[in-house]
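Have the viewer open while you read.

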There are 2 protein chains.
Amino acid sequence: MSHLFKRLSSTATVTIKATPSKAHHHAPLPSSSFPKGYLLTGLHAGVKKKAGVPDVGVILSTSDKQTSAAACFTRNAFKAAPVLVSDQILSQNGGRARGIVVNSGCANAVTGKQGLDDAWAMVRAAVALLPASQSKHEHDTLVMSTGVIGQNLPIAKILSGIRDSSNTLGSDFSAWERAAQAFMTTDTFPKLRARTFKIGGVEYRLAGMDKGAGMIHPDMGPASTSFSSGQLHATLLGAILTDAAVSPRSLQNALTYAVERSFNSISVDGDMSTNDTIVVLANGAAATGSKEIDEATDPEAYEAFKKELTAFAVDLAKLVVRDGEGATKFVTVIVKGAPSYKDAHSIASRISTSALVKTALYGEDANWGRILAATGSIPLSPLPTSSEVPQIDPTKVSVSFVPSDGSSTLPVLVGGEPENVDEVRAKEILEQEDFGVLVDLGIGAEEATYWTCDFSYARICTH
Amino acid sequence: MSHLFKRLSSTATVTIKATPSKAHHHAPLPSSSFPKGYLLTGLHAGVKKKAGVPDVGVILSTSDKQTSAAACFTRNAFKAAPVLVSDQILSQNGGRARGIVVNSGCANAVTGKQGLDDAWAMVRAAVALLPASQSKHEHDTLVMSTGVIGQNLPIAKILSGIRDSSNTLGSDFSAWERAAQAFMTTDTFPKLRARTFKIGGVEYRLAGMDKGAGMIHPDMGPASTSFSSGQLHATLLGAILTDAAVSPRSLQNALTYAVERSFNSISVDGDMSTNDTIVVLANGAAATGSKEIDEATDPEAYEAFKKELTAFAVDLAKLVVRDGEGATKFVTVIVKGAPSYKDAHSIASRISTSALVKTALYGEDANWGRILAATGSIPLSPLPTSSEVPQIDPTKVSVSFVPSDGSSTLPVLVGGEPENVDEVRAKEILEQEDFGVLVDLGIGAEEATYWTCDFSYARICTH
């Protein structure tokens with residue numbers, strides 16, 4: 001094992017590797033790829049000190065059809081006011097909502113009754129922007145907040161900002177970009193993605209934005225709607241918009257599935273926020289007269305939509321890891337050969353959050369011993385079909401490093417036996433910004449993927 | 001929130017706080033406080049490169065009574081060869097063993113059949129040092145290893161070292177110190193403690209040694225003896241010796257209880273090793289003719305012994321945290337008002353391992369939001385007496401910082417409401433090397449204590 005240095009016995013000076021700018025991950029997108037029937041904006045309302053920086057965003061569906069809405073919220077016991085309010089709205093409205101209002105700079109978390117009043121006031125202000133004729137529900141928008149916790153919102157400024165947002169609502173790239181900017185806290189670039197897809201010959205669009213940076217280890221469950229509940233601080237927030245028509249139930253089920261395999265499969269620092277929220281709206285504006293996609297009436301269309309939504313959510317989730325506070329590496333952790341998806345996911349999560357693994361990744365040290373120790377540190381779960389609890393068999397476990405440049409993988413442990421590792425080749429892989437760690441348990445057919453980053457000096461210094 | 005700096009956009013130079021020497025925590029102890037009937041030594045056998053540094057240790061019971069032995073081992077799935085061998089010996093011998101052999105510098109982990117052969121060879125070499133007349137069992141000593149994983153032991157050197165140890169076996173302070181030194185890896189000082197206690201008017205002695213530094217987040221279960229199994233890399237190793245007479249069953253039960261509240265309640269980096277092992281020997285050499293303490297025949301004496309063993313184990317465990325790799329703070333995390341000990345312990349563990357909490361501790365930042373987010377990130381467990389799962393009530397939770405100098409505590413959150421915190425006073429407490437974090441859930445009567453340290457730059461750099 002290499003020792004950069006073992007212990008600081010006096011005041012020492014350390015030279016730190018550069019963290020390259022990640023801004024190239026944000027680029028203009030063609031207007032044709034954004035879903036129809038949405039108006040958006042972001043503007044500076046004065047939550048953040050710096051003039052001109054967007055801190056309030058509004059997303060409205062202008063479709064003449066009903067708009068379905070679904071969400072996954074943090075499972076943290078200290079759910080912030082906007083989480084509680086959005087969950088209640090989805091439940092009251094039966095999975096319908098026509099918009100989203102967001103602020104950054106203050107999380108409205110641990111703010112008691114005042115916090116709830118403020119979140120409701122944001123909702124009412126955003127609803128007032130919708131054409132009255134279209135609103136079926138008194139509370140027809142959801143609400144999200146991110147930023148400092150334990151402080152009340154500067155609510156007068158925010159309400160004024162929401163009112164002013166009507167002046168700049170738009171549907172072109174710059175409108176989408178402004179909305180994405182309003183989500184940002186310590187993020188170094190806005191995170192906006194869009195794509196088109198076809199189901200049954202009809203073209204639909206998906207676009208979305210999210211933010212992360214710190215306190216990123218989401219574990220979100222579905223909203224407390226009648227058909228299926230849950231919670232996420234810096235916080236993961238995301239909004240996904242589509243012009244497909246999807247029933248509320250199927251939209252929630254597809255989102256719950258997608259979130260488990262995307263946002264619930266990323267970790268920056270292993271800490272779960274009180275505000276994590278992912279919302280999806282489906283407004284049916286792509287095609288007139290088309291029926292809502294529903295798993296009962298058209299399972300094939302539902303599966304196709306779920307697949308598209310999951311792949312898109314993975315794209316958005318990866319952006320959060322790439323821009324994680326202090327991250328210099330983007331590491332894909334794959335656990336295969338597991339008896340259950342749950343076991344594969346738990347072990348991938350454990351590897352992805354191990355401080356010793358993450359510091360070794362930063363140090364570009366092929367320390368498979370740390371990966372193995374993390375792998376073996378959690379018990380497997382009982383299988384539903386048997387009373388027997390599966391056990392890891394050390395003689396069946398293999399570990400490899402996987403380069404991102406298409407060159408061959410480097411096995412470091414095969415069937416429990418350490419390989420004679422080519423240290424030069426290991427360094428070649430670990431010096432890359434992107435690479436993978438593959439752990440094969442060799443005792444099952446299930447597989448899970450997790451996306452994580454290293455622990456660099458910047459992590460220690462970033463609050 | 002203070003920002004030392006937010007993001008390194010270019011190569012930067014950082015000045016790092018000094019990590020003061022902890023060597024004052026090791027001091028001579030009077031020979032009268034060491035338990036009777038033990039011979040010990042430590043010597044340089046050549047596992048470690050540096051000449052003269054002890055890397056093999058031997059502890060032998062010379063009592064003419066039977067010596068009881070118990071152990072807790074890491075629960076990691078990749079149990080190292082010495083863990084598997086020691087567990088088997090305890091099982092075969094019905095909880096009896098007369099000694100311990102240890103090496104540092106190589107963990108004999110992930111070493112397959114050769115590793116098991118080597119561990120058995122160490123046992124046989126140590127047994128050969130016992131007077132033949134006293135050995136009731138072929139394999140009458142336990143074995144422990146710590147150091148690099150995935151490499152075979154330099155077994156010839158080690159066996160030669162064990163044979164040579166007979167030249168320097170002793171019972172004075174320097175013999176105990178040599179043995180303690182043989183446990184060390186990245187530890188900066190040997191960890192040796194001793195104390196006397198009385199049960200039923202008879203004076204007994206307890207002495208012990210341990211080592212830690214990195215990969216310290218033990219979760220150890222009892223040995224697979226017939227009456228009650230489990231595993232711990234840098235690794236936690238410890239040996240506790242007493243001259244009380246205790247039945248094998250009661251010794252294991254007392255150790256299991258003590259380990260849960262001591263070694264299983266510490267964390268340096270949140271990572272569990274493949275080698276963690278705590279062994280206790282009880283040789284009855286204090287008093288001739290006394291009966292073995294057993295929970296069935298004398299519950300009062302058993303409870304008194306369990307209490308002494310637990311307090312002593314806590315002392316040894318705390319030394320490991322104080323000397324943790326990269327640690328500059330010693331932080332006691334107390335969770336009270338919990339519905340069960342298990343919940344209190346799980347939440348204290350979660351707070352103690354949160355990267356965001358640990359970096360805030362290093363930054364001397366009274367960031368109760370991070371403490372709260374960690375507290376709320378794990379679900380409570382069902383109570384055995386009810387099908388209802390308890391829930392954290394955010395309006396009942398209080399958080400305080402507790403200074404170590406006897407001055408008053410600083411509440412930062414009371415009944416879910418943030419206090420107007422005196423930042424100067426907060427800084428006074430957080431600048432201390434030792435302080436506490438107290439979380440009161442306000443929904444039960446159970447309490448658990450955890451000991452942890454901060455994440456400093458040294459942590460990132462220490463491999």
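Which residue takes a positive phi in the hairpin of S14(B) and S15(B)? That residue is Gly406(B), with phi near 85°, in a hairpin that has 6 residues between its strands.

Before going on, some ground rules. This is a predicted model, where local features need pLDDT of at least 70 and side-chain atom pairs count only at pLDDT 80 or more, while totals for chains, interfaces and linings use all residues. Residues are numbered from 1 along each chain as its sequence is written, chains are lettered from A and ligands numbered from 1 in the order in which they are written, and side-chain values use heavy atoms, with hydrogens and water left out.

**The sheet in chain B**

Strands S14 (residues 398-403) and S15 (residues 410-414) of chain B run antiparallel and are joined by 3 bridges. Val399(B) has Leu413(B) as its bridge partner in S15(B), and Phe401(B) stands opposite Leu410(B). S15(B) also goes with S16(B): 2 bridges join them, again antiparallel. Here Val414(B) is the one whose bridge partner in S16(B) is Glu417(B). This hairpin has 2 residues between its strands, and Gly415(B) in the turn has a positive phi of about 55°.

Zoom out and these strands belong to an open sheet of 7 strands in chain B, ordered S11-S18-S13-S17-S14-S15-S16, with mixed pairing. Its edge strands are S11 (266-267) and S16 (417-418), each of which pairs on one side only. As for terms, two strands pair if DSSP finds at least two bridges between them; helices (H or I, at least four residues) and strands (E, at least two) are DSSP runs, numbered from the N terminus.

Buried means under 20% relative accessible area, exposed over 50%, and partly exposed in between (1.4 Å probe, protein chains only).

**An annotated position**

The UniProt annotation "active site", from an unreviewed entry, covers Thr235(A). UniProt positions follow the numbering used here, feature names are shortened, and annotations may be inferred rather than shown by experiment. Thr235(A) sits in the loop between strand S9 (220-222) and strand S10 (237-242) of chain A. Buried or exposed? Thr235(A) is buried, because its relative accessible area is 0%.

**Chain A as a whole**

Chain A has 11 helices and 18 strands. Its C-alpha atoms fill a box of roughly 70 × 55 × 40 Å along the principal axes. The radius of gyration of chain A is 23 Å, which agrees with the value near 23 Å for a compact globule of 463 residues; it is taken over C-alpha atoms, and the globule rule is 2.2 Å times the number of residues to the power 0.38.

Of the 463 residues of chain A, 62% count as buried. Its accessible surface comes to about 15,800 Å², with 51% belonging to carbon and sulfur atoms; these areas come from the Shrake-Rupley method with a 1.4 Å probe, and for residues only the protein chains shown count as cover.
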